[in-house]
Protein chains: 4
Amino acid sequence: MGDSRFAAPAAAAPAHAKRERRKQARPGELLDAALELFVEKGFAATRSEEVAARAGVSKGTLFLYFPSKEELFKAVVRENISGRFPEWNQAFEHFEGTTAEMVRNCLRIWWERVGTSKASGIGKLIMSEARNFPDLAAFCQQELVEPCEQLICRILQRGIERGEFRPVDLQYTAYNIMGAMVFLINMKHSLGACLPLDQQLDPERFIASQAEILLHGLRVRCDEPAGGCPRP
Amino acid sequence: MGDSRFAAPAAAAPAHAKRERRKQARPGELLDAALELFVEKGFAATRSEEVAARAGVSKGTLFLYFPSKEELFKAVVRENISGRFPEWNQAFEHFEGTTAEMVRNCLRIWWERVGTSKASGIGKLIMSEARNFPDLAAFCQQELVEPCEQLICRILQRGIERGEFRPVDLQYTAYNIMGAMVFLINMKHSLGACLPLDQQLDPERFIASQAEILLHGLRVRCDEPAGGCPRP
Amino acid sequence: MGDSRFAAPAAAAPAHAKRERRKQARPGELLDAALELFVEKGFAATRSEEVAARAGVSKGTLFLYFPSKEELFKAVVRENISGRFPEWNQAFEHFEGTTAEMVRNCLRIWWERVGTSKASGIGKLIMSEARNFPDLAAFCQQELVEPCEQLICRILQRGIERGEFRPVDLQYTAYNIMGAMVFLINMKHSLGACLPLDQQLDPERFIASQAEILLHGLRVRCDEPAGGCPRP
Amino acid sequence: MGDSRFAAPAAAAPAHAKRERRKQARPGELLDAALELFVEKGFAATRSEEVAARAGVSKGTLFLYFPSKEELFKAVVRENISGRFPEWNQAFEHFEGTTAEMVRNCLRIWWERVGTSKASGIGKLIMSEARNFPDLAAFCQQELVEPCEQLICRILQRGIERGEFRPVDLQYTAYNIMGAMVFLINMKHSLGACLPLDQQLDPERFIASQAEILLHGLRVRCDEPAGGCPRP
DNA sequence: AATGAATGAGGATTCATTCAT
DNA sequence: CATGAATGAATCCTCATTCAT
């Protein structure tokens, strides 16, 4: 993610090389700094100067790249949401194993790729600021929530079709997983961030346990192990 | 909720009765107004004057009751968290039915009593502001998260002890329920509040489906009716 | 002029009397301070805080009365232009003497009433800022330039009709008088303000001499006393 | 005007010829751009970058030629005032015709040479900024106003001496013409610039009519045509 | 007790000026 | 020489808080 943003021309001019490289990197550095601070303190409570300072530049420079604090915020959100779902969908298109495995994988990969990265904060950020930026809320709903919901629904559907899962309300079952994700994100960036380390929850264990809870809730027969036995 | 706060003397002086009643009610009205606005826009983006206006008083009056915006915020949080759990715990102390029924009841009652009230916003509010008010975060952890977690754990424990539920990781299973609550609250006060009505999720259906998924996963045997069969 | 602006209700409430009186006076005081400073330094080079300071209030107070520096500017212009012409027109409606006397009176009264007041600066101000505030320019053209032009034309017309003046190009003759006014205003507020006192021009003498040049040029016969002889 | 400023060596080195020519021309191009913009928007409201852009160079280059915006401003004024009067004075030294003709010529030539050029804006500029640059004001008074006044006075003197004009207050009569010039300049660069074309005054006609008004005011006998009859 | 006019510290934003390339 | 990225002082404006009425 973010690797391709503001992509510099492959071959930079030999002169101005250093400055040019800085210039190419600036927006990304500012977005990263802004993301961190907005997640930490919220949009209104973050001073533009802090963002600049954390990105290692001065106040004025920030406004060279983003015309206003508000536009910076929008850029932060857009940048950190930008379509990761197409590749994800594909990843699961050709999956061969059991659907239970898909569910477990899905959560594990999400945690590795998103949850442990700075981008995980975007979730908390949006929840906090959605009502102050309604157009961004709509954007997130379309680009983040709905694709996520659909991906999960497709996985659940596959499990049901293959007889691994009992038939359930797809949408609201997807919300079960999404609720777990939201909970984890919030524990990481809100309350949890204020807790002493030994009281914080263990993300790996959390991910694993939530998957198992769901899979148990989906099993066809109770004496089977969670994840069901695919039809012969 | 809120019924007992700043409890007025049972019998008001007959003279000045109305004014007296207003005066007694002021702090509560301000807290309500503040809660609404803080949930809507966040702490920093809410102007004290707006709070006063929504409570129907003037700017100056707000500061008669709360020494600063920050203290107002803390009062809002404390007010809306303050020990509802003792009574809740009791409510479940003497419960007679199946544990599955307890779980369903617990969620349903929570939704009715808290979820549909203004106080539901406190959850979103804390998630947004926790890191700006670490002492409040600790307070919430103690007064809100832990009691909630414990209450759920006790219910789950009961189910396991009575053979209704298979043995599970109590804490992380509790988190599954809490995740659902958090998700619901957030859909109500953040993203969901920006969605057209027909796209918003149905809270009753959400509550019911989350309970069923969990309970199905907890059942000891699938041929038993949902919620397991209490031991003879 | 300006005496009636933001007119306070004749009888102020007995309570809050002092503050109320201040409040009523504030906008006028701010407008006066702003006019002075804008004339002195120009719009862009005047800091809002200076305006506030000269009006004896703090920065914040200024914005209590005018939503922005730009609105303050517009108010200053409108305030100092607002229809003084109707009464002027009337003043000359019923004039009995020679038209030469009218011309002299007109200039003399203008100088006394406007030229020596702060409002005289408005002319310089508009010339300086017209292109930055095109809508104000249009307003001034309508409310200031055109009425002035028309008033002078009517006077000249009277002189011609009564045989006191030779027939002339009304409009461009009016401009000659207006040019004198503009010159005088500019000498007072621009270059002249930077000159040592003994080099500054004498307004009375200026007014008188401009009138005499014009009137001499307008006379029908030179052996008549200046100002021509009304037809028998 | 501008022809002799920063005069380049008559023969440029053959190599780098073009670049050299550019380099020599730079300051002049910057001064022209600056003049235009300062006249249009005023000193404070003009951004240095705009000046550079209009001159077709970059921000940095501007400061290569002028150490500060303020110095640029002073250079603009000096450049556009620089002694044209000596030659003008001479031009009229050996004039043969009637003095009325001199007056008419003087205005016509001024309009052609100055009024229609960019340099005409300098008048408006100085009026607007005099008080912010008192030393420039003094400079203009000496180099612009006084020479102008003196030139006109000498012309009037000649007319009087030759019996073409009646005796008048030389200085204040000179102001009559100067007022007309100021008025015309202001109509061109301030209010007039905001007016629809069909409402703008006609400079040729204005010049002609102002001359006639003055000459009528100077005539010795009213039954003579303006301009009087030179003594035999 | 209640008001709302006044304050001024604080934060977003602009822009003259510098300097590495 | 020329550039334009970077800077930070300066300025507009907001809003929590005070206090005279």
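**Exercise 1. Packing of two helices in chain B**

Task: In this predicted model, describe how the axes of α7(B) and α9(B) are placed and which residues make their contact.

Solution. 
Step 1. The axes of α7(B) and α9(B) approach to within 8 Å, with a crossing angle of roughly 90 degrees.
Step 2. Angles of 65 to 115 degrees count as roughly perpendicular, so α7(B) is roughly perpendicular to α9(B).
Step 3. On the α7(B) side the contact is made by B:Gly121, B:Lys124 and B:Met127. On the α9(B) side it is made by B:Val182, B:Ile185, B:Asn186 and B:His189.
Step 4. Sorted by class, the contact of α7(B) with α9(B) has three nonpolar, three polar and one charged residues.

**Exercise 2. The interface of chain B and chain A**

Task: State how many residues each chain gives to the contact, what area is buried between chain B and chain A, and which residues of chain B lose the most area.

Solution. 
Step 1. Chain B supplies 51 residues to the contact and chain A supplies 50 residues.
Step 2. About 4,400 Å² is buried between chain B and chain A, and carbon and sulfur atoms give 62% of that area.
Step 3. Within chain B, the most area is lost to chain A by B:Arg131, B:Tyr172 and B:Ile213, which together make up 17% of what that side buries.

**Exercise 3. Polar pairs and contributing elements, chain B and chain A**

Task: Count the salt bridges and polar contacts between chain B and chain A, then find which elements of chain B give two or more residues to that side.

Solution. 
Step 1. Two salt bridges are counted between chain B and chain A. A:Asp169 forms a salt bridge with B:Arg205, and the closest N and O atoms of this pair lie 2.8 Å apart.
Step 2. The count of residue pairs in polar contact between chain B and chain A is 21, both residues being at pLDDT 80 or more.
Step 3. The elements of chain B that give two or more residues to the side touching chain A are α1 (17–41), α7 (121–129), α8 (134–161), α9 (170–189) and α10 (203–218).
Step 4. The most comes from α9(B), with 11 residues.
Step 5. The residues on this side of chain B divide into 24 nonpolar, 15 polar and 12 charged.

**Exercise 4. The interface of chain C and chain D**

Solution. 
Step 1. D:Asp169 forms a salt bridge with C:Arg205, with 2.8 Å between the closest N and O atoms.

**Exercise 5. A salt bridge within chain A**

Task: Locate the partners of the salt bridge between A:Glu93 and A:Arg154.

Solution. 
Step 1. A search over all chains finds 42 salt bridges.
Step 2. A:Glu93 forms a salt bridge with A:Arg154, the closest N and O atoms being 3.1 Å apart.
Step 3. A:Glu93 belongs to helix α5 (residues 85–93) of chain A and A:Arg154 to helix α8 (residues 134–161) of chain A. The pair is 61 residues apart and links distant parts of the chain.

Technical notes
Residues numbered from 1 in each chain as written. Chains lettered and ligands numbered in written order. Predicted model: local features only at pLDDT ≥ 70, side-chain atom pairs only at ≥ 80, totals over all residues. Heavy atoms only, no water. Contact = heavy atoms within 4.5 Å. Buried area = accessible area lost by both parts, 1.4 Å probe. Salt bridge = Lys/Arg side-chain N within 4 Å of Asp/Glu carboxyl O. Polar contact = N/O pair within 3.5 Å; in protein donor to acceptor, adjacent residues only side chain to side chain. Helix = DSSP H or I, 4+ residues; strand = E, 2+ residues; numbered from the N terminus. Nonpolar A, V, L, I, M, F, W, Y, C, P; charged D, E, K, R; others polar. Axes fitted to C-alpha atoms, helices over the stretch in contact; angles between N-to-C directions. Parallel < 35°, antiparallel > 145°, perpendicular 65-115°, else oblique.
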